[in-house]
Structures are given as C-alpha cells and as structure tokens.
Amino acid sequence: MAETRPVGRRGRALLGFAVLDVVWGVRLSTVDPHATAFYTWLDVSMPLWVWSLPWFAVSALCLAQVRSACDRAAYGAAIGIKVGWAALCLGAWLLGGVGDTWPQAAIWTAFAWCVWLMAGWPESFGRKGVAWTPPLP
C-alpha cells in the first residue's frame, strides 16, 4: 500500500487537475456535437460522451493520488491527457481541415508543460534550506 501524507502543494495541484478534467469531461458528455466543427469532426469517429471517459478516468486517478507519496501516475496521466487532446486538435487542423483548432492545441500543450513543471517540484514537508517554503495551513 502506498504511503500517505498530508495534502501539500502537489496534492492540491492534483485536486485542481481533477476539477479541470471533470469539467472538460462534463462539457464533452453534454455538448451538442454540432456546436463546433471540431466536435462534429470528433463525433464522426465516436460519440462525444465516449471522448469524455478518459477525462473522467484521469480525474479519478488524480483524486486517488492526492495524499499519496507516489503520485507519478496521476501527474503522468494529467500530462498525457492534455498532450493527447492537443494532438487531436492539431490533427483536426492539419489533417481534418477543421479550422481554428490550432490555438486549442497550443493552449493544451502549454498547460501540459505547466503540469510537467509542477510534477518536478518537491514537496516541502520537513524540508529546510534554499528551496524550503512554509507549508500551507
């Protein structure tokens, strides 16, 4: 069984990613497939609610590892889902002829990069020194 710890900065970041992923999953599962050209393009291969399932799964993993001392899987999944979505957006623009999805690809890629940076931050429990900051209340 994985070691648990108090919820620190890394865990709170995972909570934020879980909320974002649930919101995006709900959006995909409830939106009209004809709301945008990109949604219509996606809906041709699978219903949008199916596209929402990986977002819900990543959210559940992030929530499960909020207090875990080994949260690599959650951070990896949080990065992967965003990179995958960016790739879909880029593919829709380059290969599918769906206009205006390249900005979404850039945004999701940038956000994945931010998650990757956060994944490398050490937790500050019991640490002192140059990188130490007071723990959150």
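## Ser59 in helix α3

Ser59 sits in helix α3, residues 48-64. Helices here are DSSP runs of H or I with at least four residues, strands are runs of E with at least two, and both are numbered from the N terminus. Ser59 has a relative accessibility of 2%, so the residue counts as buried. Buried means under 20% relative accessible area, exposed means over 50%, and partly exposed lies in between (1.4 Å probe, protein chains only).

What does Ser59 touch, leaving aside neighbours within four places in sequence? Its contacts are Ala18, Asp21 and Val22. A contact means heavy atoms within 4.5 Å.

## Model and overall fold

This is a predicted model: local features need pLDDT of at least 70, side-chain atom pairs count only at pLDDT 80 or more, and totals for chains, interfaces and linings use all residues. Residues are numbered from 1 along each chain as its sequence is written, and side-chain values use heavy atoms, with hydrogens and water left out.

The chain has 5 helices and 0 strands. Along the sequence the pattern reads α-α-α-α-α. Of the 137 residues, 34% are buried. Take the contacts between residues at least 6 apart in sequence: 69% of them join residues at least 24 apart.

The chain exposes about 7900 Å², and carbon and sulfur atoms supply 71% of that area. Accessible areas come from the Shrake-Rupley method with a 1.4 Å probe; for residues, only the protein chains shown count as cover.

Helix α2 spans residues 37-45, and its buried residues are Phe38, Tyr39 and Leu42. They cover an arc of only 95 degrees around the axis, which puts them on the same side of α2. The arc is taken from the directions from the helix axis to the C-beta atoms.

Ala37 and Val44 are exposed on the other side of α2. What covers the buried residues of α2? The cover includes α1 (9-30), α3, α4 and α5 (102-119).

## Aromatic pairs

Rings of Phe, Tyr and Trp (its six-membered ring) pair if their centres lie within 6.5 Å; planes under 30 degrees apart count as stacked, over 60 as edge-to-face and the rest as tilted. By this rule there are 12 aromatic pairs. Phe38 and Trp41 are stacked, because their ring centres are 6.1 Å apart and their planes stand at 20 degrees. These two residues are 3 apart in helix α2, which means about one helical turn separates them. Phe38 is buried at 4% relative accessible area. Trp41 is partly exposed at 32%.

Trp51 and Trp85 form an edge-to-face pair, with ring centres 6.4 Å apart and planes at 75 degrees. Trp51 lies in helix α3 and Trp85 in helix α4, so the pair ties together parts that are 34 residues apart in sequence. Trp51 is buried at 15% relative accessible area, and Trp85 is buried at 3%. Ring pairs also link a cluster: Trp24, Phe38, Tyr39, Trp41, Trp51, Trp55, Trp85 and Trp108.

## A nonpolar surface patch

Leu90, Trp93, Leu94, Leu95 and Trp102 make a nonpolar surface patch of about 580 Å². Patches are made of residues with over 30% relative accessible area and no salt bridge; like charges are joined within 9 Å, and nonpolar side chains (Val, Leu, Ile, Met, Phe, Trp, Tyr) within 5 Å. A salt bridge is a side-chain nitrogen of Lys or Arg within 4 Å of a carboxyl oxygen of Asp or Glu.

Which helix gives the largest share of the nonpolar patch? Helix α4 (residues 72-94) does, with 3 residues. Trp93 is found in this helix, α4. Its relative accessible area is 37%, so Trp93 is partly exposed.
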